[in-house]
Amino acid sequence: MLCRLGCRWLRPLPALQFGVRVPPLAPTSTGGIKHSALPAWAVASVSTVGSGGPGSWYEALASSAPVQGAEEVLLGMHAATGLPWWACIALTTVALRGAVTLPLASYQHYILAKVENLQPEIKNIARHLNQEIAVRANQLKWSKRVARLTFLKNMRRLVSELYVRDNCHPFKATVLVWIQFPMWIFMSVALRNFSTGSPHSEAGFPVQEQLADDGILWFRDLTALDSTWILPVSVGVINLLIVEIFALQKLGMSRFQTYITYFVRAVSVLMIPIAATVPSSIVLYWLCSSFMGLSQNLLLRSPRFRRLCRIPLTKEILGLTIWGLHWRPPFSAPQGFLVIC
């Protein structure tokens, strides 16, 4: 039987071997246009990072095609609905999160649920492979280190074959990160261009005037900072709620997942002072985006919604300790990647 298992799980292994500066832009005359309520240090804080001039990385980002596309989306929503800018920002955020990130998040959960359901089969493979490695190590007088490396190499190959068989490679679950985070950046920069009357935006100054009068409640001027810190603190609190929901869903998190959870908690707290230094229009977008993220996480916990999206049911599988290693296949958490933006 060992010979047959050896042919199945092990393959023959090879021997183990250990410039030019861009001239500054001419000052733009603002005439009688209303200036932003932002202090000068806040207006210039981001654009002065790096080289500090028109040729800096931020200047290139602010004038890039994706940011201009985000500006067109905001302007189109405002022109189509006629709503004040605070409602336009909120409605655009809800539309983008509902049309783009919710389907991607559902797909992420679908992939990771299939990965989770492979764990019993992976554990069975690991046990058989462990037995064969033990026999081979005894026959060939391998050291514990050689046996461990042999186990890891064969285990990675076998698990990859399972992912290919079920078409559920965990990397597919990262598509949400690669789309959601850049979209968050582009929308934030577009709103900053509007709030500061940036020359990169074709509608910068007219929109800046509208934003100064189209706020609500205590933040009437969307181009100004929120001196009450209510918006920044709200962003941090909602992000922390998202992190805690993620943490509560997984009782047996791996060490890597634990480190990531603590890191995202720190980022959530750090977002509070950062949000206090940017225009209220940007913080309003961050707040709406975080609130939609929280709602999305709660919705994806609903069994009825998961059945609607055909997300398979999952069962918690603990890791397996072999050759001094706690073998737990990557990305086994049903929630996968934690994104708070």
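View 1. Over residues 259-276 the chain is 94% helix and 0% strand, where helices (H or I, at least four residues) and strands (E, at least two) are DSSP runs numbered from the N terminus. The end C-alpha atoms of this span are 27 Å apart. The model is predicted: local features need pLDDT of at least 70, side-chain atom pairs count only at pLDDT 80 or more, and totals for chains, interfaces and linings use all residues. Residues are numbered from 1 along each chain as its sequence is written, and side-chain values use heavy atoms, with hydrogens and water left out. An unreviewed UniProt entry lists residues 173-191, 229-247, 259-276 and 282-300 under "transmembrane region"; its positions are given in the numbering used here, feature names are shortened, and annotations may be inferred rather than shown by experiment. For residues 229-247, the span is 95% helix and 0% strand, with end C-alpha atoms 27 Å apart.

**View 2. Helix α11 (residues 255-275).** This helix has 21 residues and reaches 30 Å from its first C-alpha to its last, close to the 30 Å expected at 1.5 Å a residue. The expected span is 1.5 Å times one less than the number of residues. Q257, T261, V264, S268, M271, I272 and A275 of α11 are buried; buried means under 20% relative accessible area, exposed over 50%, and partly exposed in between (1.4 Å probe, protein chains only). An α-helix has 3.6 residues a turn, so residues three or four places apart point the same way. I274 is also found in α11, and with a relative accessible area of 36% I274 is partly exposed. The C-alpha atoms of I274 and P232 are separated by 7.9 Å, although the two residues are 42 apart along the chain.

**View 3. Helix α12 (residues 280-299) and its contact with α5.** The 20 residues of α12 should span 28 Å at 1.5 Å a residue, and the end C-alpha atoms are 28 Å apart, which agrees. Since 16 of its 20 residues are buried, α12 is largely enclosed by the rest of the structure. Helix α5 (residues 85-117) packs against α12 at an angle of about 35 degrees, with the axes 9 Å apart. Axes are lines fitted to C-alpha atoms, for helices over the stretch in contact, and angles run from 0 to 180 degrees between N-to-C directions.

**View 4. Helix α4 (residues 65-81) against α5.** The axes of α4 and α5 come within 9 Å and cross at roughly 115 degrees. V73, L74, L75, M77, H78 and T81 of α4 make the contact with W85, C88, L91, T92 and A95 of α5.

**View 5. Two residues with positive phi, K141 and W229.** Most residues other than glycine have a negative phi. Phi of K141 is near 60 degrees, and K141 sits in the loop between α6 (119-140) and α7 (144-166). K141 counts as exposed because its relative accessibility is 69%. For W229, phi is near 65 degrees; its place is in the loop between α9 (204-211) and α10 (230-249). W229 is partly exposed, with a relative accessible area of 39%.

Definitions and conventions. Contact means heavy atoms within 4.5 Å.
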